[in-house]
Protein chains: 2
Amino acid sequence: MLKIKRLAIDTHPENTAFLLRHGNGYSAEQFQALRKIRIGSETSEILATLALVDESEWLAAGEIGLGEQAFRRLGLPEGAEVVIEQARPPVSLEFVRRKIDGDTLEDSEIVAIVRDIAAHRYSPMEIGAYLVACAGFMSTQETLSITRAMADVGEKLDWKSQLVVDKHCIGGIPGNRTSMIVVPIVAAHGLIMPKTSSRAITSPSGTADTMEVLANVNLCARDMQAIVSKEHAVLAWGGQVNLSPADDILISVERPLRIDTFEQMVASILSKKLAAGSTHLVLDIPVGPTAKVRSQSEAVRLRKLFEYVAGKLGIEINVVVTDGSQPIGRGIGPVLEARDVMAVLRNDADAPEDLRDRALLLAGHILDFDPELKGGRGFARAMEMLASGAALEAMERLIDAQGRQSEKFTPGEFTHEVCAPLDGRISMIDCHVIARIARLAGAPMDKGAGIDLLHKVGEQVRKGEALYRIHAQSETGLGFARDLAGEDSGYEVLR
Amino acid sequence: MLKIKRLAIDTHPENTAFLLRHGNGYSAEQFQALRKIRIGSETSEILATLALVDESEWLAAGEIGLGEQAFRRLGLPEGAEVVIEQARPPVSLEFVRRKIDGDTLEDSEIVAIVRDIAAHRYSPMEIGAYLVACAGFMSTQETLSITRAMADVGEKLDWKSQLVVDKHCIGGIPGNRTSMIVVPIVAAHGLIMPKTSSRAITSPSGTADTMEVLANVNLCARDMQAIVSKEHAVLAWGGQVNLSPADDILISVERPLRIDTFEQMVASILSKKLAAGSTHLVLDIPVGPTAKVRSQSEAVRLRKLFEYVAGKLGIEINVVVTDGSQPIGRGIGPVLEARDVMAVLRNDADAPEDLRDRALLLAGHILDFDPELKGGRGFARAMEMLASGAALEAMERLIDAQGRQSEKFTPGEFTHEVCAPLDGRISMIDCHVIARIARLAGAPMDKGAGIDLLHKVGEQVRKGEALYRIHAQSETGLGFARDLAGEDSGYEVLR
């Protein structure tokens, strides 16, 4: 028996345990060679990797030191007695091996894999093996199974309504902040739209990052329930609610391996929507040469997969394929995007038209879900909500309900203008390059960092005229962004 | 700049660095979120995972603590100044991603992958992704490329001879210790046979484990050169020489994922042989229902792959397909196998015939490589070397040259006999089950642990007659082995 000692060592995302090499009556190396050990009492257990300690200032014989993750996940007090033993590999790894061999898996086998992943029983190596084995070799049925299994293992929200609407946009288009316009329009009309969003992972800003410029977004499930019951809607960060936790774990492996299959995308998005209690979903697939989806035929394949899986899950879905050839709106980065959003909601004369049109299109499709609005009257109703100021009012109420942001964020004061190299017409804006420049400037961590696009595709510019302005909150950030923009501005200007 | 502090923490097999969460002017979490950081000076660099420390008794601001592996691999003294930064992912990961997408890789791309793996630039997750992407999707040309690349990244032995013979047996057959008989026969004849062997990974004993019962096997390349120049041969553990280091890293991921493809097997074996300087190779493929290769058609496919790759590498190969339906010899486990080997070499009347015959067969094929022995006279010459006692003499000289084992090992004194459940004929012995029982008894760590087979397939036994005897060096080991044998003896006796 070993006594637990809590160590102030953060080994995110892994569980790590520390054991003296000598003095415990174990062959500690043999345990370490196992790569993963089981640490358990009668009531609780975790798997962890083992580090061996050769000096004893902070660890004594008879103690097992637990890093923060391991200590928290085991959930036992300091001094509690545990045993360590060889971790039995999860049974579901057998199914992963069959998948590696090219087999198609049964529903129950996929459920077992997802449960073990959500319970942190898989190493990143094993998760990677599963994902690579699936990449390109996943049947529609398997995609459905994994989506349902992923939604089932986490928390689920229930809004006690037959009509809970949601929207999602396949990422990759900088500035595409339609949710913050669509949600108040739909709320003003009166449908229930509890929107959970992510923070940016690889982009310059996620909806949660941009909304945070205006209001608190760190809401737990109970906060969300209270706000939705009053305002019909919410614009929250999804990270406070444990929706589809397996998805977050899978993403942590997909990202470094850059595994980005349609099947995994469908499972990721729909599992979160299902767990969030959405019944009706409008899905926006922007298509463009530098977007995630590159061609119409790809978009059709993706649409069909979404429709099949959503249908089987009982989610009514409307897939809208849109123009993803360039960024939407003018601002990129939290503060600049929030500025655009509010300009649209206020009906400002100079509000970015493309952002307004895209938001109205999507809001219209969502309102079409309302049986009260017969015959495609959703779009007209969305325009009405926006033009009348009802959407702006709904947004202000939402901001107050979530908690108005006390800090006043402004665009970064270190600026640099990137100018046209010649007289001509802008023929292309590369979404990837623009996103990278904005991130180097400091977005989304520096809320005021980002890019303000002064001209868009199709516009005529004169040599030396500013194409866009980089904003940063530090000289360093500005330098990084300016250097990349110097190598590749992301703009193509043709004579 | 951070100052290196060496920490007595063994984080095998990973590089781990420890940094105070606060006080270094870094956003430490952001570094940790990268999963892998680069730690470097002008002269040296490593990649490592980062653990964050919240208490400072053993780590100060301005210090970066390095675990043993990281400290050793970085190779800088304590107090040396380093910077940490985002690890640029190895460029070759792009090729892995293309492989995941189903592409066939170029030679130069595979070389880049293998180099980065050997230099510890890949995480287990990334190695797993590569292996799974390859499993079942590797062309013959790719197999050749990876074999050559693996041999090229490590140390290479050169014996200054046109004829350096070697043998290899595809594993999975307990007791198959032919190398320790073949090598002295070939050495007695006078060919050069520097044999490097592995220790057991999943089996009850490797050739190196069994040879160690008789002699020192921990020989460096220089020791081996000296012994071979005098005795024509050596029977050493390969672990002291850095042959095909990428292979060891790949195996550390293949094993837990149980990836066991023919392509990877060919690359693993032939890369080691090429690096070991072998010019002529006899390869034994035992075929049987519980062996690694289950059918003749599988054996043919494997033989062809070995012949193609070996041919392109300039290794002359002779593939021998043998009976792998049951264990070879009587003893299983280091001491008991060494006993059998010496009995064969001494021409004892009760030496296991199957072990002698198999060794003579393989030795004969090896001697056929000798241009002096025309027309398949190798087998007769092998018999001559064994019968005359020349092979025994060569073995004794080899033992003396390597360093005779001072410790006297004996079979474990805790024994248990497993008996026939009925009168009948032994129809089958399961190699897997026998191997697992021997391992549970303590082999190969306890040299005297293992199994002594008293009857083999085809023999008649009476109910209650002992089929085999388990040896262990502890009551615990015997208990584990006895329990498993009670569930499944591994023997099938039919009336």
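I began with A:Phe137, which at 45% relative accessibility counts as partly exposed, a label for values between buried (under 20% relative accessible area) and exposed (over 50%), with a 1.4 Å probe and protein chains only. B:Phe137 is also partly exposed, with a relative accessible area of 46%.

I noted that this is a predicted model, in which local features need pLDDT of at least 70 and side-chain atom pairs count only at pLDDT 80 or more, while totals for chains, interfaces and linings use all residues. Residues are numbered from 1 along each chain as its sequence is written, chains are lettered from A in the order in which they are written, and side-chain values use heavy atoms, with hydrogens and water left out.

Next I looked up ring pairs, meaning rings of Phe, Tyr and Trp (its six-membered ring) with centres within 6.5 Å, called stacked with planes under 30 degrees apart, edge-to-face over 60 and tilted for the rest; there are 6 aromatic pairs over all chains. A:Trp58 and B:Trp58 are stacked, at 4.8 Å centre to centre and 10° between the planes, and both A:Trp58 and B:Trp58 are buried. A:Phe137 and B:Phe137 form a tilted pair, with 5.4 Å centre to centre and 50° between the planes. I also found A:Phe18, A:Trp58, B:Phe18 and B:Trp58 linked by ring pairs into a cluster.
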